Each structure stands twice: as C-alpha cells, then as structure tokens.
Amino acid sequence: MQTASAYRHVKANIVLYGALFANLGIAIAKFVAAAISGSSSMLTEGVHSLVDSGNQMLLLYGQSRAKRPPDAYHPFGYGRELYFWAFVVAILIFAIGAGVSIYEGWRHIADPEPLRDPTINYIVLGVAFLLEGSSWAIAVREFNAGRGEQSWWKAVKRSKDPAGFIVLFEYSAALLGLAIAAIGVWVSHWTGDARIDGMASVAIGCVLAAVAVLLAREAKGLLIGESAEPELVVAIWRLLERRPEITAINHVRTIHTAPDSIFVAVSADFEDALPMGRAESLIEEMEAELKAAEPRLSSIYIRPEKQRDAVVYPAPPRD
C-alpha cells in the first residue's frame, strides 16, 4: 500500500522530481566547468541550477505539509502552506540566484581573470541545454494540459497551484540563462575581453531577479487569498437561483484554501413563508448539489439573510 502511494506521489509530481535530479546533475557539471575554465557566467549558471534544485525540494516539502488534515488550530486545513513555500522560493531566487550572479559578474568585471580554454564550457552548456530543454517541454505539456483555452499569462494569473508555473518559469529562465552564458563565453574569447563574461553573469542575474519578482507577486496573491475563477462563481449562482424558495442571492464569496480546495460563502434571501425545518433541509440539499457539481468545494456556508440587510455583490458577467 505504501509503495503504491509513493508511486502515485512521484507520478503526480514527475515535473518537480525530474527538475530536481536534472538540476543537481547540471549544477555539478557547471561548477566543474567553471573551476576548469574560470568562467564567471558558468559559475553563475552553477549557482542558478543549485538554487533551482533547492526550490524543487521546498515545493515538494510544501506539498507534503499542505496535505495535512484539518485540526482545531487550522479548521480549513494546511493547504495554503504551499503558497508560503512558493513565496520563499521567489525570495531565494532573488536573494541567492540573482544576488550571487550579479555580485560574481561585477567582481569579474572589476578584476577579470585570464581567459582559459572554453571547450569544457561549451560541452556542459550543450548538455545542459538538452536536459533543460527536455524538462521545459515536459513542464509546458503539463501546464498546457491544465490551462485549456486560456492564454499563458491568464492561466498563470488564474492558477492556484504555484508548483506548476514556478517550474515552468524556472526552466524558461534557465534556458535564457544558458543562452546568455554561451554568448558571454564566446564573445569573451572572440574579443579577448574577459569582462564580457562578467557582464553575461550580471545579465543572468537580472533575468533571475525579474522572474523572482513575478513569482513573488503571484505567490503574494495566493497567500492573501484569491477567489475561485469567475466561471465557477457563475455556476454556483445559477444552481442557487433555480431554487424557487430563494427570492434573491445577495452574494457568493469564494476563496482557495488549497490548489484543489475552495471555501464558498453564500448569502441568500429566502421566502418569508418558508418554515425553518424546510429551510434547513433546503440548505442541505443545496450543499449536496453544489459539492456534486464541483468536488473542489470543500466547505460551503449558506446564510439566509434579508437582501435589505445584506452586503450585496452582483453576479459576475455571464457569457
């Protein structure tokens, strides 16, 4: 039973595990190449891959912690802990990945090292590009499977699972970083100016900083609490307004407590003549109908409330 569970876990997180082991191997190769050639951009790329490996470990740890069941202190569960670790990942990319890259580049610009044979750099960069490119293709495939007809940017904005888009952004930054490193090494040797290699390192750091800021922004929104997609709110609204016992829906509020868990609070005006016993049964029926229609609704709260006394939010636009 434990073996089967472990297999399902690895299969569900194949992108993260693949990224972890690939980045560890690539980081070692880049550090060896940097030691042999003295390349600043290769050293920067080694730090980049090492940081990415740590990020994948943190995301896997966050997923494990987020699956803990609710308790008295956290009645809605620990699902949003994953969002915390996603924010930590963004900080690490900025502080370590971008910080070390920019510092290392500046150091080599101020005090350039003599150029050495770049052959080992080209070999490692080529192998890394193949591995990173293959992993990027897998990450894109997984992300496309979940985004449907949405644009990439809209899918990222609406995504409530940071692991998917963080890995995608990391690989995109990794491929761009490899290209910058390769150009920096080649131009340095072509011109005989070792400072250009340091400039490439600074450019890689700027790419990482931009990615970190973008990821931090998305993680912050998830930590604060984001609503479910408007299509789901409309679907809930339509299911409720079909009930003849409800004269008005005051508002439908939702918030993600985990990537696949949503809390919904409904305020509705019920018919005045509706008996209390029937109202209780009606609420139970509506909760069962909503959960059957959308399994991600983990907690449903329906409050009978006169419209004149309630906070009223209009329904989202409907297609």
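Me: Which strands does helix 10 lie across?

Reply: Helix 10 (residues 276-293) lies across strand 1, strand 2 and strand 3, and runs at about 150° to strand 3. Helices (H or I, at least four residues) and strands (E, at least two) are DSSP runs, numbered from the N terminus. This is a predicted model, where local features need pLDDT of at least 70, side-chain atom pairs count only at pLDDT 80 or more, and totals for chains, interfaces and linings use all residues. Residues are numbered from 1 along each chain as its sequence is written, and side-chain values use heavy atoms, with hydrogens and water left out.

Me: Why is strand 1 called largely enclosed?

Reply: Buried means under 20% relative accessible area (exposed is over 50%, partly exposed in between; 1.4 Å probe, protein chains only). In strand 1 (residues 246-258), 10 of the 13 residues are buried, so the rest of the structure largely encloses this strand.

Me: What makes strand 1 and strand 2 a pair?

Reply: Two strands pair if DSSP finds at least two bridges between them. Here 10 bridges join strand 1 to strand 2 (residues 261-270), and the two run antiparallel. T254 has V264 as its bridge partner, while A258 is partnered by S261. A hairpin of two residues links the strands.

Me: Why are strand 1 and strand 3 called edge strands?

Reply: The open sheet has three strands in the order 1-2-3, with mixed pairing. Strand 1 and strand 3 (297-304) each pair on one side only, and that puts them at the edges. On average, neighbouring strands of this sheet are turned by 15° against each other, direction ignored. Helix 9 (residues 230-241) packs on the sheet, touching strand 1, strand 2 and strand 3.

Me: Why is helix 3 called roughly parallel to helix 8?

Reply: The axes of helix 3 (residues 40-66) and helix 8 cross at roughly 25° and come within 7 Å. Angles under 35 degrees count as roughly parallel, so helix 3 is roughly parallel to helix 8.

Me: How do you know that the length of helix 4 agrees with expectation?

Reply: The expected span is 1.5 Å times one less than the number of residues. For the 30 residues of helix 4 (residues 81-110) that should be 44 Å, and the end C-alpha atoms are 42 Å apart, which agrees. Helix 4 also bends by about 25° at I93, the angle between axes fitted to the seven residues ending there and the seven starting there.

How values were computed. Axes are lines fitted to C-alpha atoms, for helices over the stretch in contact, and angles run from 0 to 180 degrees between N-to-C directions. Angles under 35 degrees count as roughly parallel, over 145 as roughly antiparallel, 65 to 115 as roughly perpendicular and the rest as oblique. Contact means heavy atoms within 4.5 Å.
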